[in-house]
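User: Please go through the structure shown below with me, one point at a time.

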Amino acid sequence: MLASGMFHWLTLAAAICTSLAGQVLLKMGTIGGGSFVTQLFRWQTVIGLGLYGGAAMLYIVALRKLPMSVALPCTAASYIIVAVIGHFAFGEALGAQKLAAIALISAGVVLLATA
């Protein structure tokens, strides 16, 4: 069985990935127009909200052993991935300023995770 610390780090990674998938599905739910209510009940939005709930549960498990001051900033890793997905999947701009921000976030996440 995995060492307790490793299990909680993997749970945190799963929470981040699940939250990221939920974010992408929420974005997909906005495509196609319609009213807010129409967008709210699209399958992508419903599943995206469910994934957010699942991510919260995984995060709670991770917090049982990981310091919150480390765990929460590690979730910023999703900002990096979502910027790349937004660029390639949804045509969102990814200019020099965003790339510099991604580099700073990456450095901060690594620094905190190793603290």
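User: Where does Cys 17 lie, and is Cys 17 buried, exposed or partly exposed?
Analyst: In this predicted model, Cys 17 belongs to helix 1. Its relative accessible area is 49%. Exposed requires over 50% and buried under 20%, so Cys 17 counts as partly exposed.

User: How many Å apart in space are Cys 17 and Gly 108?
Analyst: In sequence, 91 residues separate Cys 17 from Gly 108. In space, taken from C-alpha to C-alpha, the separation is 19 Å.

User: What is the order of the elements from the N terminus on?
Analyst: The protein has 6 helices and 0 strands. The C-alpha trace spans about 45 × 35 × 20 Å along its principal axes. Read from the N terminus, the order is α-α-α-α-α-α.

User: Which element has the lowest mean pLDDT?
Analyst: For the protein as a whole, the mean pLDDT is 90, and 97% of the residues reach 70 or more. Among the elements, the highest mean is 97, for helix 3. The lowest mean, 85, belongs to helix 4.

User: How many salt bridges does a search of the whole structure find, and which side chains meet?
Analyst: The search of the whole structure gives 1 salt bridge. The N to O distance is 4.0 Å. The side chains that meet are those of Lys 27 and Glu 92.

User: How many residues apart are the two partners, Lys 27 and Glu 92?
Analyst: Lys 27 is in helix 1, while Glu 92 is in the loop between helix 5 (77-90) and helix 6 (96-113). Lys 27 has 33% relative accessibility and so counts as partly exposed. Glu 92, at 32%, is also partly exposed. The pair links distant parts of the chain, 65 residues apart.

User: Over the face of which residue does Lys 27 lie?
Analyst: Besides its salt bridge with Glu 92, Lys 27 is placed over an aromatic ring, 5.9 Å from the ring centre. The ring is that of Phe 90.

User: Is Gln 39 buried or exposed?
Analyst: Gln 39 is in helix 2 (residues 36-40). Beyond its neighbours within four places in sequence, Gln 39 contacts Gly 29, Thr 30, Gly 33, Gly 34 and Thr 45. Its relative accessible area is 19%, and buried means under 20%, so Gln 39 is buried.

User: How many Å apart in space are Ala 107 and Met 68?
Analyst: Ala 107 is in helix 6 and is partly exposed, with a relative accessible area of 47%. In sequence, Ala 107 and Met 68 are 39 residues apart. Their C-alpha to C-alpha separation in space is 18 Å.

User: What share of the contacts with a separation of 6 or more comes from residues 24 or more positions apart?
Analyst: Buried residues make up 27% of the 115 residues in the protein. Of the contacts with a separation of 6 or more, the share from residues 24 or more positions apart is 64%.

Notes: Residues are numbered from 1 along each chain as its sequence is written. This is a predicted model: local features need pLDDT of at least 70, side-chain atom pairs count only at pLDDT 80 or more; totals for chains, interfaces and linings use all residues. Side-chain values use heavy atoms; hydrogens and water are left out. A charge sits over a ring if NZ of Lys or CZ of Arg is within 6 Å of the ring centre and within 35 degrees of the ring normal. Helices (H or I, at least four residues) and strands (E, at least two) are DSSP runs, numbered from the N terminus. Buried means under 20% relative accessible area, exposed over 50%, partly exposed in between (1.4 Å probe, protein chains only). pLDDT is the predictor's confidence in each residue, from 0 to 100. Contact means heavy atoms within 4.5 Å.
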